[in-house]
Amino acid sequence: MNPVDLNNPEAVKTWNEAMIDKYNLVNYFDHPIYIIRLIENIRIKKIIAELQTDDVSDTLEVGCGAGQILLRVPQGRLHGFDLSGRMVELSRYKILQQFPERLGILITGDAEAWPNEIKEKKFTNIFCSEVLEHVPNPRRLMEELHQATDKTTRAVVISTPNEPLINKFKKILITLRIFKWLFPNISTDMTEEWHLSSFDIPLMQKMSQDLFSIKKIQGVPFNWLPLRYVFTLKKIQTPASEISIRSTKN
């Protein structure tokens, strides 16, 4: 059962703000549990390594949160948007403190209906970190991403949790009665609370169908232990659905 009325944008926004506070998203990458910090740091490094930046590149983060990943992009102007206005302002503050000359467009916006300021601009790199599982309709996000990607886009990168594997590990630790000891204040099943979809490779393939091909899949922390996935995508220039529609019209 979904924790919120997904057809009510304001309810989704309020619920999202509550989850930000509950899971301390502002400081998540400085998590007090070492293993979580380690895994997240490996994931960020893999995302950044896929980007192609230089002094004139424009990098967009979809769902920029508090800006922890955006700030690690080594070169070029930094752009982002997030459903949470306070996260956007925190990102803006951090960028202005460290790289004021690199601040680009940073605004509040819905991942399923991108702001016009974002739609009107083309980006060298676009990445989306652990956002797809939180939105009511991840396919819409992928469609917006497809529209924003053109021949000048060098890299498109998405990361998601591998929810089925994570939940298997959690169940083992719960059975051994050590889960709460190792991971206090962590949900036993995120799909019952903050995650609206249980992502894995097949679901990512389904969400990308006719829009992107998956060029590369990296497991985090390791390929043989993929608790997280980092997907590098390539735009399909003419979706099969459009070809089908054109053929029908003809």
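Two strands pair if DSSP finds at least two bridges between them. Keep that rule in hand for this predicted model.

**The β1–β4 pair**

Strand β1 (residues 58-62) and strand β4 (residues 125-129) are joined by three bridges. The two strands run parallel. Within this pair, T59 stands opposite N125 of β4. Strands of a sheet pair through backbone hydrogen bonds, either parallel or antiparallel.

**The whole sheet**

Where does this pair sit? The sheet is open and has seven strands. Their order is β3-β2-β1-β4-β5-β7-β6, and the pairing is mixed. Strands β3 (103-108) and β6 (212-222) form the edges, each pairing on one side only. From one strand to the next, the twist averages 15°.

**Helix α3 and its neighbours**

Helix α3 packs on the sheet. There, α3 touches β2 (77-82) and β3. The direction of α3 makes about 165° with that of β3.

Helix α3 (residues 85-98) also packs with helix α1 (residues 9-22). The angle is about 55°, and the axes lie 10 Å apart. Angles under 35 degrees count as roughly parallel, over 145 as roughly antiparallel, 65 to 115 as roughly perpendicular and the rest as oblique. The helices α1 and α3 are therefore oblique to each other.

Which residues make the contact between α1 and α3? The table lists them by helix.

| Helix | Contact residues |
|---|---|
| α1 | E17, I20, D21 |
| α3 | G85, R86, M87 |

By type, the residues of this α1–α3 contact divide into two nonpolar, one polar and three charged.

Definitions and conventions:
Residues are numbered from 1 along each chain as its sequence is written. This is a predicted model: local features need pLDDT of at least 70, side-chain atom pairs count only at pLDDT 80 or more; totals for chains, interfaces and linings use all residues. Side-chain values use heavy atoms; hydrogens and water are left out. Axes are lines fitted to C-alpha atoms, for helices over the stretch in contact, and angles run from 0 to 180 degrees between N-to-C directions. Helices (H or I, at least four residues) and strands (E, at least two) are DSSP runs, numbered from the N terminus. Contact means heavy atoms within 4.5 Å. Ala, Val, Leu, Ile, Met, Phe, Trp, Tyr, Cys and Pro count as nonpolar, Asp, Glu, Lys and Arg as charged, and the others, Gly among them, as polar.
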